[in-house]
Amino acid sequence: MRDEIAQYRDADVQPFGVEATGDFGALKADGKRIQRTVVLVDRDGTVVFSARGMPGASESLPALQGR
C-alpha cells in the first residue's frame with residue numbers, strides 16, 4: 001500500500017493501520033500472530049473490501065466504485 005499511496009489518495013481513501021486484528025479476521029491460524037490484511041470501509045462504516053495478504057490498489061479500489 002505504501003508504494004501506491006497516491007492512487008488511494010486520488011480515490012479519496014485515507015489509509016491507516018489499526019490493531020483490531022480479531023474484529024477484522026487478521027489473525028493467523030494460531031490466533032497469536034497477525035496476518036497482513038487490507039480492509040476498506042466506506043464512509044457509512046460498511047466493509048466493502050477485505051483480503052489477506054497485500055492486495056494492491058488495482059484489486060481493492062474497484063470495490064469503492066459506485067459508492
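1. Asp42 sits in the loop that joins β1 (37–41) to β2 (47–52). Strands here are DSSP runs of E with at least two residues, and helices are runs of H or I with at least four, numbered from the N terminus. The model is predicted: local features need pLDDT of at least 70 and side-chain atom pairs pLDDT 80 or more, while totals for chains, interfaces and linings use all residues. Residues are numbered from 1 along each chain as its sequence is written, and side-chain values use heavy atoms, without hydrogens or water.

2. Is Asp42 buried or exposed? Asp42 is buried, at a relative accessible area of 12%; buried means under 20%, exposed over 50%, and partly exposed in between, with a 1.4 Å probe and protein chains only.

3. The Asp42 side chain comes to 3.0 Å from the backbone nitrogen of Asp44. Apart from neighbours within four places in sequence, Asp42 is in contact (heavy atoms within 4.5 Å) with Val48 and Arg67.

4. The chain has two helices and two strands, in the order α-β-β-α from the N terminus. Its C-alpha trace spans about 35 × 25 × 15 Å along the principal axes.

5. Of the chain's 67 residues, 25% count as buried. Among contacts with a separation of 6 or more, 28% are between residues 24 or more positions apart.

6. The chain carries 9 positive and 10 negative side chains, with the centres of the two sets 8 Å apart. Lys and Arg count as positive, Asp and Glu as negative; His and the chain ends are not counted. Each charge is placed at NZ of Lys, CZ of Arg, CG of Asp or CD of Glu.

How values were computed. A polar contact is a pair of N or O atoms within 3.5 Å; within protein, one must be able to donate a hydrogen and the other to accept it, and residues adjacent in sequence count only if both atoms are side-chain atoms.
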